[in-house]
Amino acid sequence: MWLGGLLISVLAALFAVPHFIDWNGYRGVFEEEASRVFGRDVRVGGSVNVRLLPTPYVSFEKLRIADTSGVTGAPLFEADSFTMWLSVSPLLKGEFEARQVELQKPVIRLAVDRSGAPNWTELAVRQGRLPFTPADVSLNAVKITDGEIAYDAAGVGTLARVTAIDGSLSAQGLRGPFSFRGVAQFDKRLREVRLATGEVSDDGATKIKAVVQRPDAGSRHVLEGAATGLFDSPNFTGGVTSN
């Protein structure tokens with residue numbers, strides 16, 4: 001959902017800026033619109049590259065989304081580079097289809113403060129002010145290279161960390177369904193991962209199924225159940241089977 005919102009911000013900013021110019025000079029247009037959509041400061045620390053014809057293309061280097069909780073002292077989301085190619089025909093119908101997205105070294109830092117409030121509670125996709133907003137959003141393929149997800153608690157430190165995430169993510173809309181297939185490292189071992197969710201409801205509920213395998217050991221673990229309260233106080237009910 002964050003990624004879908006970021007894509008909307010990118011597209012709205014593109015249509016607000018004149019063609020055939022130095023796009024780095026208009027970095028602030030994207031930052032302002034993206035910050036408004038997310039309700040968090042969004043910054044681009046590197047260069048901006050855009051091509052509108054024959055295939056719409058945009059890339060940002062050193063992308064950051066701020067964390068307002070202060071638990072980790074680092075951004076909630078950051079990536080060395082964010083690159084996106086758009087399908088042209090859906091745009092003519094007011095739909096937004098990202099034909100391909102590439103994220104190099106994306107990092108998501110989830111955290112809870114001392115009261116147990118998560119740092120993503122107030123993060124949402126809001127209506128922007130720029131003139132073009134697509135009616136629908138779909139992500140055909142999001143290629144993730146060397147990604148990382150960390151979960152921290154105030155006063156405790158890092159409770160969980162998944163690194164070396166490589167794979168492909170897809171989503172039919174801003175709220176899913178989502179699917180991921182790739183590899184990731186935790187407990188110092190590389191594992192094959194497949195993840196699928198249902199569409200996320202207004203109250204933050206969805207079904208989740210994940211399959212994790214260790215090729216070197218031949219083990220397979222399947223987690224299946226339902227998640228609730230994803231937007232404020234997450235809870236999971238389900239079980240794990242192993243073989």
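How many residues does helix H2 have, and how far does H2 reach from its first C-alpha to its last? Helix H2 (residues 27-38) has 12 residues and reaches 17 Å, close to the 16 Å expected at 1.5 Å a residue; that expected span is 1.5 Å times one less than the number of residues. This is a predicted model, where local features need pLDDT of at least 70 and side-chain atom pairs count only at pLDDT 80 or more, while totals for chains, interfaces and linings use all residues. Residues are numbered from 1 along each chain as its sequence is written, and side-chain values use heavy atoms, with hydrogens and water left out.

Here are the elements that come up, as DSSP runs (helices H or I, at least four residues; strands E, at least two) numbered from the N terminus.

| Element | Residues |
|---|---|
| Helix H2 | 27-38 |
| Strand S3 | 57-65 |
| Strand S4 | 77-86 |
| Strand S8 | 157-171 |

Back to H2: its buried residues (under 20% relative accessible area, 1.4 Å probe, protein chains only) include Phe30, Ala34 and Phe38. Just after H2, Gly39 takes a positive phi of about 75°.

Phe30 also turns up in the largest nonpolar core, among the residues with the most contacts inside it, as do Phe60 and Phe82. That core has 33 residues, and its largest share, 5 residues, comes from strand S4. A nonpolar core here is a set of buried Ala, Val, Leu, Ile, Met, Phe, Trp, Tyr and Cys residues joined through side-chain atoms within 4.5 Å.

Over in strand S3 sits Ser59, which is buried at 7% relative accessible area. Leaving out residues up to four places away in sequence, Ser59 touches Ser47, Val48, Asn49, Phe82 and Thr83 (heavy atoms within 4.5 Å).

Key: Buried < 20%, exposed > 50% of the residue type's maximum accessible area, 1.4 Å probe, protein only.
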